[in-house]
Amino acid sequence: METPHAAAPAVGLSANSLNIQGKPEILLCASLFYFRIPRAYWRERMEQLKTFGYNCIDVYFPWNFHEPREGEWDFAGEKDIEAFLQTAAEAGVWVVARPGPYICSEWDGGALPAYLFAKEGMKLRDQDSAFLAYVSKWYDRVLPMLKKYEAGAGGTVICVQLDNELDFYGCSDPNGYISALRDMALAHGIAVPLIACAGQGGLREASGFAEGVVPTCNFYPNDRDPAFEEKAMHYRELLAERGVPLLVTETNRSHFLLRRLLSCGAKLLGPYLQVSGTNFGFTNATNNWGEPLAFLTSDYDFGGMISPEGHIRAEAYEGRLLSRIIRAYGASLAEAEPDGNVAGTAAAKDGSVVGPRALRLKDGGYLLFVANVGTQAAEVSLDIVGNRIPKLLLKQGRSLALPYGVPLGTWGLEGTLLYASAELFFVRRQQGKTVLAFHTERAGEVAFRLERPAVLKADNASAEVDGGVVTVKFDAGAAASCAIELRGGHTLEIHTMDRSSALLLEDVGEDGAARFGQSEVYDTEPVDLPIAWRFGSVDPGEPMTAERTEVAAAEHLEKFGIYRGFAWYEAKEGRAFATKRQGILIRRGSDIVSLYIGKQYVTTLVPGGSSRYVPTSQENEDDRLLARVEIWGHTNFDDIRLPGLRMNATKGIEGLVSVRGVRDLSQHWRIRSAPDRSTPNEPFVSTSTDDREWPIVGFGGWLSPNRPAFEYFRKSFEPSAEADSWTLHFEGTQADGILYVNGHKAGRIDAADPYIDITSFVVPGARVQLAVFLEKSAGTAVGRVLLYEGVSAKDWRISSCEEEMLLAHAAATRNTAAAADLPVALQAGEMAWLLGELRGSNDGKGWRVRASGTNVKLTVFLNERLVGRLWLPGSAARPRFTGGSPVSFYLPGAWFEEDGARLAVLLEAVEGEQGCRVDGFSFVPV
């Protein structure tokens, strides 16, 4: 009796291939995110990708999109994961599923629910039992859906990614963490490969080399780096040693770079964000793409193949061309491997050509890849094993894959394609005829070895027969063709064209005629839409909700269960003070903080999680303080340069101080040099140390030949008897240091957050001794030392608004709002609703809306959905915006109602040199 064999896995990996249901594949994989595209367009976007050659999508599943509050789960409507996976299965696209728990993706918190950030002592993204217990709750919900739609089980999910780019994060135990995620996936029956992607090349740091987990690579190089193939090949070889192929789960969007990766034997090519989208709602992130802080726009668009509105861009045609090359060689290319033993040179005058790199095809022969990484077109001469291929023209930013010694058996014919100075990009097998189409940007030549060939006809081409070798020559200036009769009566039909025609080729018919399409062209001119606007003022000194919670002290918002939207901190000055207020100190503020004293607007800041001192008018002695805070988004990355960019960074403020005294403590410090940073510090910081013989200098002002220099500075001061808050500000410092107060370590001096609260170390009426251990390099600025003394705010109340409550406020305002024409002007600190009715949906396609004006923040609602958040330029407080258009938003036609749509735009005016105004909105048809 024979032992039954286990069924072959639906997805198999080897050092040189990726097989899906027994068929070797090269995957062109585009990011397509259901949470950034209205559900009505999911199928359309997938079909667009297929039209332009992509056979796979990668998709994140953001945890906090489905669990907005702890224990509240939502998988309905626009959040229906199963409906998305079913659509992918019906559309016939493979799916790389990426459920996190962390996804990055420039998404709020990298998809980690913000309630986790309020859990004391939890180690995120690590082998931490508390964190993993929460991850298991997410996996319990999402993994069964992925299992249901696996390849081989009725769906198209071909692999599941665990976490994301862990090598960017300081995980203490990558193996333990990834192994724990793996075990959860296996417990849910996941049978397709489990992968873990490396963001900066740390395969071990990203995957822990956990057993049963496949490391993959994310590459974001300079597309024209002449040495890039060396890097890619290094990882290809490392992975081959582990028995798996080079899978590039993320990379740049240019097909020039994808061709270079293909030459290195990559089997998965995953350019990130070929399908753009929108960060609807309060889902944007803050990240480290600025200096160092940046805000992600609501528009999520890096210029890939398909715009947020579904418009096809020029790069899509490059995708179709590359996909046709992959299909033309089929399984032979899908199982090809790089061959460094093929001797060849590519000569160009300016040395800008990379290659040739030889990819040995499974059925024999090679593809020779050459790439022009220069800035000008180059004439290239190829010499392969002593055989010279005719010169070709290679324009800048172009790569070609040229066949060499390829057996025609690849296409079911006898003979050999000896060489070509043009790229073979299209193959069609018809009854009695095989069509091969090539493209070139100058005169080209293709040579075949055939048995008893006979040239039937040649249009705009010449065909020379020398024994069994047929050489077809042609010029790129005009389309050409040549028909060759093979033994047995089968016809080999050669078509040639220039590259621009190849990009638009639709098909070659039975009659031998090539059919071409046209590139998509879209109307970008705005149309005049008559909108009757209404303007309703909002009291900026009052929260937009009647629900207030009294709290003992100001803390970050996550402590109060507030994870997104707007929040208001109301407080009063703690006690009377003899001197006038000089300013307000905001403790640890994020993201956008607008400050008011009574009803008077003070300023709007983006502190990035650090503290800020704001000078104020001494005439306003109102004891009421209000800080309106908007959570733009939790960071999607972990960056030590700002407190607000740490992975567990929280939002809001930690307090307000009415500053009644500002003292400059920069002068008259006592200095003592230390031999190195390991010198015992106790004698230098102790209050009992006799420092009378130490030299007296300005802070950081001692000149030393040592680099770096290690020095202790000491100074004392008499604190104000009226104050209850003391903060040191190391203004303008770039040096590293440690502050000691009365002999106790008070904190590190950090250029990103140069404020240190020393209140807990101060005893009113007693002198305060300061000691600073400073590490300086040559030219390092140390700045000034300022002391802020004042009164902490008390009697705190907190309130908040998310989409639902903001819409309720807009609806209430609509009843009293007055008719208004644009432009509208506002005073700095003023708030208002701009309300209008939009009748036309542009035949259900929607609109791209461009806003113009200065120094106004806009929160835009379409019916019941928040569709965009903008901050118009002009204010020095405005941070850098990245990720897409910062001054426009998208109104999806699918979200209009039969009678049109209601627009509600919350306006917040911020200080700036050009005044605060909204000039208008331009509606561009989609």
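How many strands close into a barrel, and in what order? In this predicted model, in which residues are numbered from 1 along each chain as its sequence is written, local features need pLDDT of at least 70, side-chain atom pairs count only at pLDDT 80 or more, and totals for chains, interfaces and linings use all residues. Side-chain values use heavy atoms, with hydrogens and water left out.

The barrel is closed by 8 strands in the order 4-5-6-7-8-9-10-11, and their pairing is parallel. Strands (E, at least two residues) and helices (H or I, at least four residues) are DSSP runs, numbered from the N terminus, and two strands pair if DSSP finds at least two bridges between them. Direction ignored, neighbouring strands of this sheet are turned against each other by 30° on average.

Strand 30 (residues 480–485) pairs with strand 31 (residues 491–498) in the antiparallel sense over 6 bridges; Ala 480 has Thr 496 in strand 31 as its bridge partner. Contact means heavy atoms within 4.5 Å.

The helices also pack on one another. Two packed helices are described by the angle between their axes and the distance between the axes. Axes are lines fitted to C-alpha atoms, for helices over the stretch in contact, and angles run from 0 to 180 degrees between N-to-C directions.

The axes of helix 7 (residues 228–241) and helix 8 (residues 255–262) come within 9 Å and cross at roughly 50°. The two helices are therefore oblique to each other, a term for angles that are not under 35 degrees (roughly parallel), over 145 (roughly antiparallel) or 65 to 115 (roughly perpendicular). Helix 7 contributes Phe 228, Glu 229 and Ala 232 to the contact, and helix 8 contributes Leu 257, Arg 260 and Leu 261.

Helix 4 (residues 129–148) and helix 5 (residues 174–187) pack at about 35°, with their axes 10 Å apart.
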